[in-house]
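Student: I've got a model open and I'd like to work through its packing and its rings. Can we go through it by question and answer?

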Amino acid sequence: QVQLVESGGGLVQPGGSLRLSCAASGGIFSVYVVGWYRQAPGKQRELVAILYPSGSTKYGDSVAGRFTISRDNAKKTVYLQMNSLKPEDTAVYYCDANSPYGNDYWGQGTQVTVSS
């Protein structure tokens with residue numbers, strides 16, 4: 001029932017910024033644990049950020065201090081603000097949402113390429 005659609009990916013130069021959006025439809029968005037994950041070619045999926053309904057956050061070590069996750073419950077959207085981007089940040093970024101009942105939903109992903 002719940003669908004997630006990512007947007008905002010693209011090509012950006014090192015040191016630049018980008019904001020990803022994930023729009024949700026269906027479900028009670030405000031009670032979901034939401035997050036962002038990424039996967040680069042030849043690498044395992046890694047945690048980027050998690051945002052709990054309480055407002056608590058968790059960031060992967062490689063992005064801490066540079067990325068910020070946030071949400072707008074009225075718009076049923078989660079955001080990922082990415083600053084000081086590095087070539088190592090190049091990956092497909094996926095939006096994730098978990099319901100209090102144990103259901104896990106994923107978006108289709110959006111490509112972020114950091115290159116000069």
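**Core, rings and loops**

Tutor: The largest nonpolar core has 29 residues, and Trp36, Leu80, Met82 and Tyr93 have the most contacts inside it. Strands E3 (18-25), E4 (33-39), E5 (46-51), E7 (67-72), E8 (77-82), E9 (91-98) and E11 (110-114) are the elements that give it two or more residues each. By nonpolar core I mean buried Ala, Val, Leu, Ile, Met, Phe, Trp, Tyr and Cys residues joined through side-chain atoms within 4.5 Å. Before you ask, this is a predicted model: local features need pLDDT of at least 70, side-chain atom pairs count only at pLDDT 80 or more, and totals for chains, interfaces and linings use all residues. Residues are numbered from 1 along each chain as its sequence is written, and side-chain values use heavy atoms, with hydrogens and water left out.

Student: What share of the 116 residues counts as buried?

Tutor: Buried means under 20% relative accessible area, exposed is over 50%, and partly exposed lies in between (1.4 Å probe, protein chains only). On that scale, the buried share of the 116 residues is 40%.

Student: How many helices and strands are there in the protein?

Tutor: Both come from DSSP runs numbered from the N terminus: helices are H or I with at least four residues, strands are E with at least two. From the N terminus on, the elements run β-β-β-β-β-β-β-β-β-β-β. The count is zero helices and eleven strands.

Student: What radius of gyration does the protein have?

Tutor: Take it over C-alpha atoms and compare with the globule rule, 2.2 Å times the number of residues to the power 0.38. The C-alpha trace spans about 40 × 25 × 25 Å along its principal axes. A compact globule of 116 residues would come out near 13 Å, and the protein agrees, with 13 Å.

Student: Which aromatic pair is edge-to-face?

Tutor: Rings of Phe, Tyr and Trp (its six-membered ring) pair if their centres lie within 6.5 Å; planes under 30 degrees apart are stacked, over 60 edge-to-face, the rest tilted. Searching the whole structure turns up two aromatic pairs. The edge-to-face one has its centres 6.3 Å apart and 70 degrees between the planes, and it is Phe29 with Tyr32.

Student: Why is the pair of Tyr37 and Trp106 tilted, and how many residues apart in sequence are the parts it ties together?

Tutor: The ring centres of Tyr37 and Trp106 are 5.2 Å apart and the planes sit at 55 degrees, so the pair is tilted. Tyr37 counts as buried at 13% relative accessibility, whereas Trp106 is partly exposed at 32%. Tyr37 lies in strand E4 and Trp106 in strand E10 (residues 104-106), so the parts tied together are 69 residues apart in sequence.

Student: Which charged end sits over the ring of Tyr37?

Tutor: The test is NZ of Lys or CZ of Arg within 6 Å of the ring centre and within 35 degrees of the ring normal. Phe29 has such a charge over its ring, from Arg71 at 4.7 Å from the centre. For Tyr37 the distance is 4.4 Å, and the residue is Arg45.

Student: What is the phi of Lys76?

Tutor: Most residues other than glycine have a negative phi, and most peptide bonds are trans. Lys76, in the loop between E7 and E8, is not a glycine, yet its phi is positive, at about 55 degrees.

Student: Where is Ser84, and what is its phi?

Tutor: Ser84 is in the loop between E8 and E9, and counts as partly exposed at 41% relative accessibility. Although Ser84 is not a glycine, its phi is positive, at about 50 degrees.
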